[in-house]
Amino acid sequence: MDILRSDFDPALVLQQKRRIKRELLQKPGLIPKKVALMSGSTIGEIKNILELFLLANGIQPEFYEGGYSLFFENLVFDDGALKAFAPDFIFIHTSQRNIKLWPEAEDDAAACEEKLNAEFARFEQAAKAALGFGCPVVLNNFDLPLYRVMGNREGVDVHGRVRFVRKLNEKLAALAEATPNLYINDLAYLQALYGMDRFSDPTAWYAYKYAVSLECLPYLCQSVANIIKSLLGKNKKALALDLDNTLWGGIIGDDGAEGIVMGSETPAGMAYAEFQGYLKALGKLGILLNVCSKNEESIARTGFERADSVLKADDFLCFKANWDPKHLNIAAMAKEINILPESFVFVDDNPAEREIVRRELPMVTVPELSCPEEYIAAIDRAGYFEVTTLSADDKKRAEMYKQNAQRAQLEQSFGNYDDYLKSLDMVCEIGAFDAPHAERITQLINKTNQFNLTTRRYTAAEVESLLGNDEYITQYGRLVDKFGDNGLVTAMIGHKQGDVLEMDLWIMSCRTFKRRLEHAMFDELVRRAAEAGVKTIVGHYYPTAKNLLVKDFYATIGLVKTAEDEAGNCTFEFTGFEGYQPQCGVMEIKRV
């Protein structure tokens, strides 16, 4: 069973959880992470099902379970057990069942507000205590009460519980917006989506003290897992989109642009238009949109020339409209864009095409589609593109990749690679980690897989702890050229131990690899390390299925391999400080 698909059967997940777990544990490259579950209600089955969704996303959890309904006490008055566990993530599973001070009919407005502030303060204190453990914290907001004493007035009256919960949720949203490392799991939305009676079944509460019905626990766990996998850089990055009967109704090769169905004139046309609008919104968040269609390209492009087409041809990065097998087109797109095939979601109305791609490229995600009215839900509810942070660089990602295509085209006109690099008029900004760049650095660390020498991940709190820390040499790099700003694309962390600098981390976006930015970063590292009295720089390479690209990277910039074990883990050393000559030479270096 593919539990990452939006149409998974929650009953089968619950019934077959042991078999599913055994199968998922066979996945290669699972990342171990410690997850603390803090209880506002029963969490036993939540642990079991959350484990499945994390495993499905390549994360192998080890759990810490707080005492029943003791989320506040376990976090605020930790007896040392949680600290000793050293969680990578904390999930606080609370609900409206944990609200103690409800407004009463005899309360005046001031008393109602006092209760609201007191309840919020209690949950805020728990959240901030959790953040003190130095890891991301996921906190539920509140589901609505199952009954309304005043009927519809519950939503407007100061004494109404419905209004009370909504105001609490707005306060939690403002808290999360202003608090790094705090993320809201939207329990209120899940309850609305799956139905109040179904989601908040009182029988489950009275019998087992489950605030969410057993039937809907998989939806809750999927939602929490989506946040965690997003924080670990495991989101999808790109869509490969069929055209005929996917982005519009009909066959453009037969019907012509004027004959395909889209726009506001028919129910089907409105469904396709809304789907296109959804995709365009994803594009504005930095998701890479690509066409993968069996069509004549010149004819296919005419569909986007219609005035009522929400998407236009320039919204796509790659436009593969040809008669090649679609799995080959996806593989070609991945190579052209320089991302892994597993970063793609393939969207096609044709079940035969979906099955071929699943068979030939099993790492590509392929959601099931039914009618066009359900296309958005098939993608949206699976959480492929869950947003936990959104930087300016994210929003510009598609434009950055288009600029890379322009650079590749320019490269073809040069016979000498150095001449080509110099023609780009590159300016590299290099600086130590600082507060304005901390969020983007954390994001880059947790989603970079190919140019990632040690495969380490850092939380926002861990990155912040490095700011101004004299025990470390940190650097970020931003690259600008005549085609545009590539953004912050590289970072390194070195730990000083006497006169030795141990390189804990070096990452770089592959879209800027081999443009000598790596040499500029190393030149600056050598300069700063020498100033700090370092005599030896030690670099490490820990192999994964994804970072083979950089297996011998350290050797190419002047480090000498000193050790390699049976697993392929390598150690390199640099001692050539005296007389060192900078290696870059093709860009301006701007130190900040």
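Trainee: In S7, which residue is the bridge partner of Leu241?

Mentor: Keep in mind that this is a predicted model. Strand S6 (residues 238-241) runs parallel to strand S7 (residues 288-294), and the two pair over 4 bridges. Look across from Leu241 into S7, and the bridge partner you land on is Val291.

Trainee: Which strands stand at the edges of that open sheet, and why is one side of each left without a neighbour?

Mentor: Start with the order of the 4 strands, S8-S7-S6-S9, paired in parallel. The ones at the edges each have a single partner strand, so one side is left without a neighbour in the sheet. Those are S8 (318-322) and S9 (344-347).

Trainee: And which helix packs on the sheet?

Mentor: Look for one that touches S6, S7, S8 and S9. Its direction makes about 150° with that of S7.

Trainee: Which element gives the largest share of the lining of the second largest pocket?

Mentor: That pocket holds about 640 Å³ of space, and 24 residues line it, with Asn404 and Ala408 among the closest to its centre. Elements giving two or more residues to the lining are S8, H15, H19 (397-411) and H20 (417-423). The largest share, 6 residues, comes from H19.

Technical notes:
Residues are numbered from 1 along each chain as its sequence is written. This is a predicted model: local features need pLDDT of at least 70, side-chain atom pairs count only at pLDDT 80 or more; totals for chains, interfaces and linings use all residues. Side-chain values use heavy atoms; hydrogens and water are left out. Two strands pair if DSSP finds at least two bridges between them. Contact means heavy atoms within 4.5 Å. Axes are lines fitted to C-alpha atoms, for helices over the stretch in contact, and angles run from 0 to 180 degrees between N-to-C directions. On a 1 Å grid over the protein atoms alone, a cavity is a set of points where a 1.4 Å probe fits but cannot get out, and a pocket is an open set with protein on both sides within 12 Å along at least five of seven lines; lining residues have an atom within 4 Å of a point. Grid points are joined across faces, edges and corners, and a volume is the space filled by probe spheres set on the points.
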